[in-house]
Amino acid sequence: MSVDASTVRRIARLARIAVAEDEVDHLRGELNAILAFVEQLGEVNVEGVEPMTSVTPMAMKTRKDVVTDGGDPEAVMANAPKSEDDFYLVPKVIE
Amino acid sequence: MTTSKLIKGATGDWEVVIGMEVHAQVTSKSKLFSGASTEFGGAPNSHVSLVDAAMPGMLPVINEECVRQAVRTGLGLKAKINLRSVFDRKNYFYPDLPQGYQISQYKQPVVGEGEVVVDLDSGEAVSIGIERLHLEQDAGKSVHDRHPSMSAVDLNRSGVALMEIVSKPDLRSSEEAMAFLTKLRSILRYLGTCDGDMEKGSLRADVNVSVRRPGEPFGTRCEIKNMNSIRFIGQAIEHEARRQIEIIEDGGTIDQETRLFDPGKGETRSMRSKEEAHDYRYFPDPDLLPLELSEDMVGTLQAALPELPDEKKTRFIRELGLSAYDASHLVAERDTADYFEAVANGRDAKLAANWVINELNGRLNKDGHDIVSSPVSAAQLGGILDLIGDKTISGKIAKDLFEIIWTEGGDPREVVKARGMAQVTDLSAIGGIVDDLVAKNPDKVEQAKANPKAMMWFVGQVMKASGGKASPQAVNDLLKTKLGL
Amino acid sequence: MTELTTLTLAEARDRLRKKELSSAELTAAHVSAIEKARSLNAFVLETPEQATAMAEASDARLAKGEGGPLEGIPLAIKDLFCTKGVRTTACSHILDNFVPTYESTVTSQLWRDGAVMLGKTNNDEFAMGSSNETSYFGPVQSPWRRKGLNAPLVPGGSSGGSAAAVAAQLCLGATATDTGGSIRQPAAFTGTVGIKPTYGRCSRWGIVAFASSLDQAGPMAKTVRDAAIMLRSMAGPDAKDTTCVDLPVPEYEAAIGRSVKGLRIGIPKEYRLDGMPAEIEKIWQQGREWLKAAGAELVDVSLPHTKYALPAYYIVAPAEASSNLARYDGVRYGLRVDGKDITGMYEATRAAGFGGEVRRRVMIGTYVLSAGYYDAYYLRAQKVRTLIKRDFEQCFAQGVHAMLTPATPSASFGIGEKGGADPVEMYLNDVFTVTVNMAGLPGIAVPAGSDAQGLPLGLQLIGRPFDEETLFALGEVIEQAAGRFVAQPWW
Ligand SMILES: [Mg+2]
Ligand SMILES: [Zn+2]
């Protein structure tokens with residue numbers, strides 16, 4: 001499988017990374033080089049093999065239902081590029 | 001019976017097919033994957049942990065109570081509990097989605113197939129299949145009217161646990177859809193797993209609607225998003241089904257799309273078509289291990305499950321001799337059922353049901369009270385019924401007494417005593433009145449002898465003379481003797 | 001003063017305890033060494049004032065006969081670890097001026113045990129790279145140079161700054177992270193010791209995530225003993241990381257000097273690559289002889305899916321990264337570049353904020369997860385991963401205690417020399433290390449020799465899950481035999 005220019009644009013869009021028209025071809029080449037490299041996995045017989053879900057077999061840790069966090073909007077907002085009254089501000093989202 | 005659900009079009013009958021995806025906020029103190037509070041309201045970004053704000057290096061840790069709530073709900077829906085389930089990431093960009101993905105369950109949800117039995121007004125009961133239930137995170141909130149050119153993002157809701165409950169496309173009318181959601185809400189409230197508060201958004205539904213000719217395969221469906229009123233869901237389905245029928249009858253086809261209901265206009269409209277199709281790139285969340293439950297844990301939760309509305313209804317009918325109608329009414333809300341049971345305990349259940357359904361509910365509605373804060377407690381209402389039972393008061397006096405207790409409170413028996421409201425059963429006292437009446441009204445005596453129904457005039461007179469306190473039964477018996485009937 | 005920087009962590013610790021040395025002196029020596037070594041670009045942020053204050057506090061505790069296992073020891077912290085009140089960027093423009101309000105679990109344990117922070121070390125952007133050339137702050141120069149040449153060499157990556165800082169004796173040890181070899185490969189390139197512990201041994205909480213199912217923190221140090229001392233403090237259970245195990249942490253230092261007699265050491269035949277430099281083959285042979293001489297038993301083993309580890313890694317890691325890096329959207333922290341609308345803001349921010357390698361990997365990851373490709377790529381890669389792990393399990397089940405392999409397929413190379421035309425050329429650096437991440441196992445890189453140009457070469461030991469102790473014991477045997485490799489200052 002290899003990607004064409006329109007796929008590069010579609011992936012860039014999905015990943016929310018602006019790609020200039022003159023970068024598309026170069027990116028396409030790089031992505032195809034990587035895809036060609038991973039293509040060899042096609043040789044492996046994976047029939048009946050479970051995909052890995054956790055590399056270290058263990059039970060998932062859980063939390064008790066207790067409020068232990070929050071209440072510190074200052075910490076939450078400390079690095080905000082744009083904010084007002086403890087709200088993050090973003091370009092208007094039209095629904 | 002099913003014919004009544006069909007919709008008449010210009011070219012014949014149509015059947016509407018409805019499936020629902022219900023988002024129910026899990027009742028818990030803290031969020032699904034963080035220790036921040038789930039409390040409604042709060043200053044902006046005050047119920048937010050660094051995990052909810054997706055700061056670099058933050059990791060989710062699951063709230064065990066949210067898992068238990070999901071399992072309880074699954075058990076309440078008579079559903080299969082999956083002892084192994086997996087959390088996936090649903091990837092998309094949105095300012096109220098800090099991680100850039102929602103943690104949800106995709107291929108392996110915690111709860112599998114189940115069912116909800118829905119009672120319709122006709123008395124018919126239909127079984128609606130549940131496809132699955134999964135746990136997922138709620139998103140934050142964007143506020144658009146604070147700033148002229150910017151949206152303001154508050155993450156207080158971000159990460160609150162939701163159960164997404166997906167029905168099978170088993171619903172065949174707006175009535176069924178509304179009854180389904182009402183019943184689901186009732187079950188959730190019985191279980192205590194969701195408060196069902198639709199105004200606060202604790203329960204909201206996406207409704208999938210399609211139409212077809214009876215017996216034909218499913219048509220193309222439209223999804224009406226984010227409905228938080230049962231009444232509007234009914235209206236939206238009615239409108240949407242008619243819209244689709246018209247299009248097809250006019251030779252058109254239905255586009256699969258997402259629509260919004262406009263309650264003002266009573267119609268659905270297409271959401272601005274998205275620039276691109278969604279591609280959520282689901283994959284198992286590598287920060288979380290698979291969720292493994294033990295049979296033991298599920299068994300313990302099962303054993304501790306409260307009696308649910310269906311079982312309660314059956315018991316009320318079988319053991320208490322209530323009608324199906326009264327039983328349905330009483331079990332719809334757990335608080336009502338509990339109140340009723342407290343009143344009915346050791347008393348005439350039918351009388352208790354009558355009083356709760358008619359007198360009490362009517363009065364509650366009039367004053368806008370809910371049953372938990374009823375001014376007349378179950379013990380007080382029970383006391384009133386006891387006074388009826390031992391013939392201290394008549395049913396009519398009981399209503400007056402109820403009103404007194406409602407406004408002034410107090411022990412019913414004491415109130416009756418203090419106000420001299422007990423009915424007069426002393427025949428000697430009544431006897432004098434009756435003799436007097438008989439003596440003064442020979443014509444009425446003749447009429448009563450000719451037609452026993454005319455005796456009612458005497459009954460009325462005696463009651464009036466006794467200030468309503470005479471026992472109707474005693475009066476009847478006495479009159480019959482005196483009049484020689 | 002200079003000779004204080006030549007101490008090992010263990011030596012410094014012992015002298016501090018005996019009050020032959022103060023942390024203030026020790027720290028000052030390192031602070032000044034760092035200043036003199038700025039041409040290496042090993043540090044992206046120096047924190048001398050914090051270091052001084054922490055050293056003084058340590059001296060006060062030491063004076064009272066108190067103090068933790070790392071009391072007064074100056075360390076360097078990879079810029080992937082969030083440090084409270086200290087800028088943390090993962091060496092990415094997108095985290096411009098990000099100052100965490102929290103401290104990673106691993107670093108907080110180091111401070112708990114008395115360590116002193118010298119500053120934040122350079123790394124490949126978001127730990128994506130094998131040469132430290134993808135850092136927004138520019139490449140790190142290795143303290144090593146080819147004999148008689150001045151061409152700058154890479155220290156390896158992604159923990160290139162930590163490796164260079166340890167190798168140039170700018171600190172007594174450094175934290176690092178390893179997703180596909182990012183501790184072991186730079187250790188091998190710089191003649192230092194680096195261990196990636198078993199997945200789940202160290203908490204990932206507060207470490208900027210690259211690929212969650214592969215990322216592990218570990219130490220880089222001058223000696224095997226020093227690495228053992230550091231790991232003892234870095235490792236341990238953490239309720240905030242679901243994937244971190246609830247196992248007690250052994251006294252790793254006690255494994256140093258432990259006999260390796262009778263240990264069965266697997267030699268996986270698949271690690272013998274076509275075209276591998278003879279010098280690599282030679283030190284591997286040498287390593288086998290050393291272990292044998294120490295009483296270990298060598299057995300030939302096969303790990304048949306080895307060659308698929310790297311391609312599977314280049315699906316799994318970018319896929320996870322594409323999702324992990326979605327939070328860098330200009331909304332809550334870091335860089336924001338305005339656009340015509342919200343999507344425009346996202347796209348402009350992420351285009352300006354991510355460097356070329358990160359962008360490539362995010363895009364590949366997005367592609368392999370996208371509709372229609374998930375099964376062919378991601379699902380298949382995770383199945384292959386199961387097979388890779390099974391290969392190891394079968395060997396361990398047959399009584400193999402650890403495996404010995406080369407750490408890298410070559411010695412260090414020049415800055416700008418690799419990966420310019422084809423990104424895969426750079427990826428091949430991790431061919432021996434990446435299998436260990438895919439299987440979640442512990443792996444240690446120990447310097448074992450030099451090539452003809454005088455550049456250090458390392459050997460890798462791969463252990464059973466949570467048996468880091470055996471790796472320390474075996475690693476020390478190699479270290480004893482091979483001696484230490486110290487870069488001669490030119491900076
Ligand atoms: Mg949905
Ligand atoms: Zn949902």
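Predicted model: local features only at pLDDT ≥ 70, side-chain atom pairs only at ≥ 80, totals over all residues.
Phe472(C), along with Tyr88(A), Phe126(C), Leu170(C) and Phe392(C), touches the most other members of the largest nonpolar core, which has 211 residues. Such a core is a set of buried Ala, Val, Leu, Ile, Met, Phe, Trp, Tyr and Cys residues joined through side-chain atoms within 4.5 Å, where buried means under 20% relative accessible area (1.4 Å probe, protein chains only). Apart from this core lies another of 107 residues, including Trp14(B) and Ile384(B).

The open sheet has four strands, in the order β2(A)-β3(A)-β10(B)-β9(B), with antiparallel pairing. Strands are DSSP runs (E, at least two residues), numbered from the N terminus, and two of them pair if DSSP finds at least two bridges between them.

Turning to the metals, the magnesium ion (ligand 1) has Glu21(B) and Glu164(B) as protein donors, 2.6 to 2.8 Å away. Donors are N, O and S atoms within 2.8 Å of the metal (3.2 Å for Na, K and Ca), and sites may look incomplete because water is not among the atoms. Glu164(B) coordinates the zinc ion (ligand 2) as well, and the two ions are 3.9 Å apart.

Residues are numbered from 1 along each chain as its sequence is written, while chains are lettered from A and ligands numbered from 1 in the order in which they are written. Local features need pLDDT of at least 70, side-chain atom pairs count only at pLDDT 80 or more, totals for chains, interfaces and linings use all residues, and side-chain values use heavy atoms, without hydrogens and water.

Conventions: Buried < 20%, exposed > 50% of the residue type's maximum accessible area, 1.4 Å probe, protein only.
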